[in-house]
Amino acid sequence: GDIGIGAHPLDDLPRSIANRFGASHSLPIMGIDNLPIGSVMLCFNEARLPTDWEYRLGEFGTKIASITIERLRSIENLSESEERLNLALTAADMVTWDADLSTGKTIWSDNNFQIFGYDPATNGAATVEMWLNRVHPDDLPDVMQAWETAQRATAIGWSQVDPDEFAAIQQQWQLCVQTGMPYEAEFCWHFGGESDRWYLTRAEPIRDRSGQIVEWVGTNTDITHLKQVEAALQESQQFVQKVVETMPGMLYVYDLVEQRNIYSNRHSLELLGYTPEQLEELGTDITPNIVHPDDLPSAMAYQAQFDTALPGEVLEIEYRVRQANGEWCWLLSRSTVFNTTPAGNTQQILGVSIDITDRKRAEQELHQSQALVQSLD
């Protein structure tokens, strides 16, 4: 008789092959999930049942076939998983590396080689020369010295780090190697004539059964775009700050819930004469303490209007405030809703105030002159 392995019974074989056998006996091949994944067929030239020896041979064949099929499936699944992982790493601008402390060898992911401009090496093995070739000639002596003193504590690729940042990053890495703490750092890699790239690296230690760290597994994530956004945001913030500090009026953010100023620009302090510490001491008493008693009711009513103010609506008020020297000055304030509570109520208002004391004095003098003229008539 013959033994055949397949996924279908004899009836599904081509007729030219099936006609060669007088009888067949099928044994299922069971997978690790105890579900059938194929069959082993004992085929005979004459019509008969298998002997005990042939039956045991068939059962042995099913076990061998199960192991072989499952192993092939595992290899296929692993290959698919690696492909998905590589796609995910590429999509996330992330590379992986594995540093063996006992051998000093480092394994790169395929896209790590692509970033450095190399063809993927067998088993992902990287060499010292591969990253030394990416070092600027002027930096090579310092890099070699750093490598010789910290090659057991430094993963391949650190040579691309800005020299100004290298010492701190190296010190942090050595501390993590000694203590087993997870490692995280941001640094800039240089690629010759190309633009520099920023990376976030994270690494976790792998320990042996005795608890000793034998390996580090890490990732490098390209955060260049994030750094560019942060730089643009910082530049924008600096521009806004310069505008705020040089504008002639008072700019403030007032919290209606806490009844205090949470921000005042420099001109606010110069105009009123109060120090930030003095304003902080006033706390919730700032309005009744510095607003003229005759204007206090209208100031409180002004604040109450923001309970129903629409987004973008600007409310205006003129009132007097007491300066630190005890004198009164007139302000024209224009404010709008800046922030709301989770319930949708106005919490903070953003406002601009300008000193209109001279205008008020001129109006008063004009009024007095007009009154004098009328009295003479």
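I number residues from 1 along each chain as its sequence is written, and side-chain values use heavy atoms, with hydrogens and water left out. Because the model is predicted, local features need pLDDT of at least 70 and side-chain atom pairs count only at pLDDT 80 or more, while totals for chains, interfaces and linings use all residues.

Entry 1, cavities. I looked for cavities (sets of points on a 1 Å grid over the protein atoms alone where a 1.4 Å probe fits but cannot get out), and the structure holds three of 30 Å³ or more. I found 23 residues lining the largest cavity, with Tyr252, Tyr254, Asn261, Ile290 and Tyr319 nearest its centre; lining residues have an atom within 4 Å of a point.

I counted 12 salt bridges, each a side-chain nitrogen of Lys or Arg within 4 Å of a carboxyl oxygen of Asp or Glu. In one of them Arg48 pairs with Glu46, their closest N and O atoms lying 2.7 Å apart. I then looked up Glu316 and Arg334, whose closest N and O atoms are 3.1 Å apart. Glu316 lies in strand E12 and Arg334 in strand E13, so this pair ties together parts that are 18 residues apart in sequence; strands here are DSSP runs (E, at least two residues), numbered from the N terminus. I also noted that salt bridges with shared partners join Glu318, Arg359, Lys360 and Glu363 into one network.

Note on methods. 1 Å grid on protein atoms, 1.4 Å probe; cavity = no way out; pocket = protein on both sides within 12 Å on 5 of 7 lines; lining within 4 Å. Points joined across faces, edges and corners; volume = space filled by probe spheres on them. Helix = DSSP H or I, 4+ residues; strand = E, 2+ residues; numbered from the N terminus.
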